[in-house]
Amino acid sequence: IFLVLIPYVGDNDFWLHLRMGEILVEEGYFPRTDILSFTNEGKEWINHEWLPQVVFYQLFKYGGFAAVSLFTALAGTALFALTLYGRKLSWPIAVSLFLVAYGLKLFIVPRPQIFAYLLLLSLVLIIEWYRRTGNKKIIIVLPAILLLWSNIHASVILAIPILFFVLIFEKNKKWLLISSLAAVGLTLLNPFGYKIYWQALQPFRFSGAYHALLETQPIYKVLYQPSLLFTHLAIIFTVFWHILRKRLTVLRPYELAIFILFLAMPFVAVKYTPFAWAAVVPLFLKTVPNLNRKSAINLVVAGVVVVSTVIFINDRNLFKDPYNEWPKDMATFIKTNNLKGNFYNPYSWSGYFAWENKEPVFINVALANLGGDVFWDGLDFEKGERVDEVIEKYGLSVIVSPPWVPMPYAVSVKEDWSLVYWDNFGGVFARRGHGNDATIKKYGLTLKYFNDSVE
């Protein structure tokens, strides 16, 4: 599983987290307003992911991309180590966990959520262990888990329905009630207090913007990883088939309530899948048949090892240079020539340019509303709509664009704009009369049409 989960480091959010970690560690400054974009500068920003940002930056500072990748894979593997703790390994369990790991491969990336997955799983397991043993020392850990979780990610809100279902359906819950109340109270000990919960509701508060993103599409619409939907449906089918056969002799009522709630979440947005699986896989394993033939276990484990090794060799994630996947030369050109003024960048490049150029970008993708009007203006702009309006509204002097959208053509035909740089990632346009005339004179091209077919 560790080999399967070793991720590629360098998605857009990772760069943003790296930049914020740098600010927190090197500058010793904890921002409460947006300092990454010029379009929303000064507006309130609930940076609920501040603690993992510090961790990722320190890992990168002392160990580079390899350290971040290996740490992320280790955190993902810990999910399965915790899940298997105290359980006897059978070949159906081995196959099930391998399929779950392969499905989670998309989500085990250096983002703060990986810590939240671990804490969610820990919460579920601690409740299970406490119910089974009655050991009060175990339940005392709950407040520490939620306190840590509230400083890692706003998904700490997911702990509330879990604790609610347990308290509703279980007996002998005095110590569990005390521990739960203390735990929820301690979640307010974060830099933003109760606002951490307001942040957690952002997909509902700004559903229009969130539904424009791929990761917020329902799981049945995200077909780039078919095994994801297959595994999710297999988990649902296995549990309900077992319920029909055994009539709830294994799953307790609170576990069934958790199961229904969390397995419904990916049908709202695919990004909730790892949260759902972290909560239900320990319950799911109770329903997996315990077929315990030693020869079958050995054969399955050997097969898993071979397949995992092939995946690791084929991916080569540990040996990739993430900078090669981003407009590094474009960013270097902007810095070297000291291009001045507000510059537009695509939504999906915001994190990278925030890290690489250390200058305010067009949009801070981590804001609760994805930048508000800026998000929608950016979408229209890339489609070549309202081009003059967006340029004037935000006082743009430099435009960075990929070549596969209509916008660069719309800009290239304007007399006051000049293409000064381009490569396979896209191009850089500068506006005359806004402090960049020397660069335009030196590098300006007369090209009046720009797309990915021009050579």
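The largest nonpolar core holds 116 residues, and those touching the most other members are Trp15, Leu123, Trp149, Phe262, Trp277, Phe353 and Val428. A nonpolar core here is a set of buried Ala, Val, Leu, Ile, Met, Phe, Trp, Tyr and Cys residues joined through side-chain atoms within 4.5 Å, where buried means under 20% relative accessible area, exposed over 50% and partly exposed in between, with a 1.4 Å probe and protein chains only. The model is predicted, so local features need pLDDT of at least 70 and side-chain atom pairs count only at pLDDT 80 or more, while totals for chains, interfaces and linings use all residues. Residues are numbered from 1 along each chain as its sequence is written, and side-chain values use heavy atoms, with hydrogens and water left out.

**Cores and helix H5**

- Helix H5, residues 113-133, gives the most to this core, with 14 residues; helices (H or I, at least four residues) and strands (E, at least two) are DSSP runs numbered from the N terminus.
- Another core, of 24 residues, lies apart from the largest one and includes Leu213, Ile399, Trp417 and Leu419.
- Because 17 of its 21 residues are buried, H5 is largely enclosed by the rest of the structure.
- The 21 residues of H5 should span 30 Å at 1.5 Å a residue, which agrees with the 30 Å between its end C-alpha atoms; the expected span is 1.5 Å times one less than the number of residues.
- Just after H5, Gly134 takes a positive phi of about 75°.
- Trp277, leaving aside its neighbours within four places in sequence, is in contact with residues including Val100, Leu104, His232, Leu263 and Pro282, contact meaning heavy atoms within 4.5 Å.

**Salt bridges**

- The structure holds 22 salt bridges, each defined as a side-chain nitrogen of Lys or Arg within 4 Å of a carboxyl oxygen of Asp or Glu.
- Glu22 and Lys358 meet in one of these, at 2.9 Å from N to O, and the pair links helix H2 with the loop between helix H18 (350-357) and helix H19 (373-382), 336 residues apart.
- Of these two partners, Glu22 is buried, with a relative accessible area of 15%, whereas Lys358 counts as partly exposed at 34% relative accessibility.
- Asp315 and Lys105 form a salt bridge of 2.6 Å, N to O, and it joins helix H16 (residues 294-315) to the loop between helix H4 (91-104) and H5 across 210 residues; both Asp315 and Lys105 are buried.
- In the salt bridge between Glu255 and Lys286, the closest N and O atoms are 2.6 Å apart, and Glu255 counts as buried at 0% relative accessibility.
- Salt bridges that share partners join Asp377, Asp380, Lys383, Arg386, Glu389 and Lys393 into one network.

- Asp34 lies in the loop between helix H2 (12-27) and helix H3 (50-84), and it is buried yet has no salt bridge, the nearest side chain of opposite charge being that of Lys43, 8.3 Å away; Lys and Arg count as positive and Asp and Glu as negative, with His and the chain ends not counted.
- The side chains of Asp34 and Asn364 are joined by a polar contact of 3.0 Å, which is a pair of N or O atoms within 3.5 Å; within protein, one must be able to donate a hydrogen and the other to accept it, and residues adjacent in sequence count only if both atoms are side-chain atoms.
- Gln53 is found in helix H3 and counts as buried at 0% relative accessibility.
- Not counting residues up to four places away in sequence, Gln53 touches His17, Met20, Gly21, Leu24 and Asn47.
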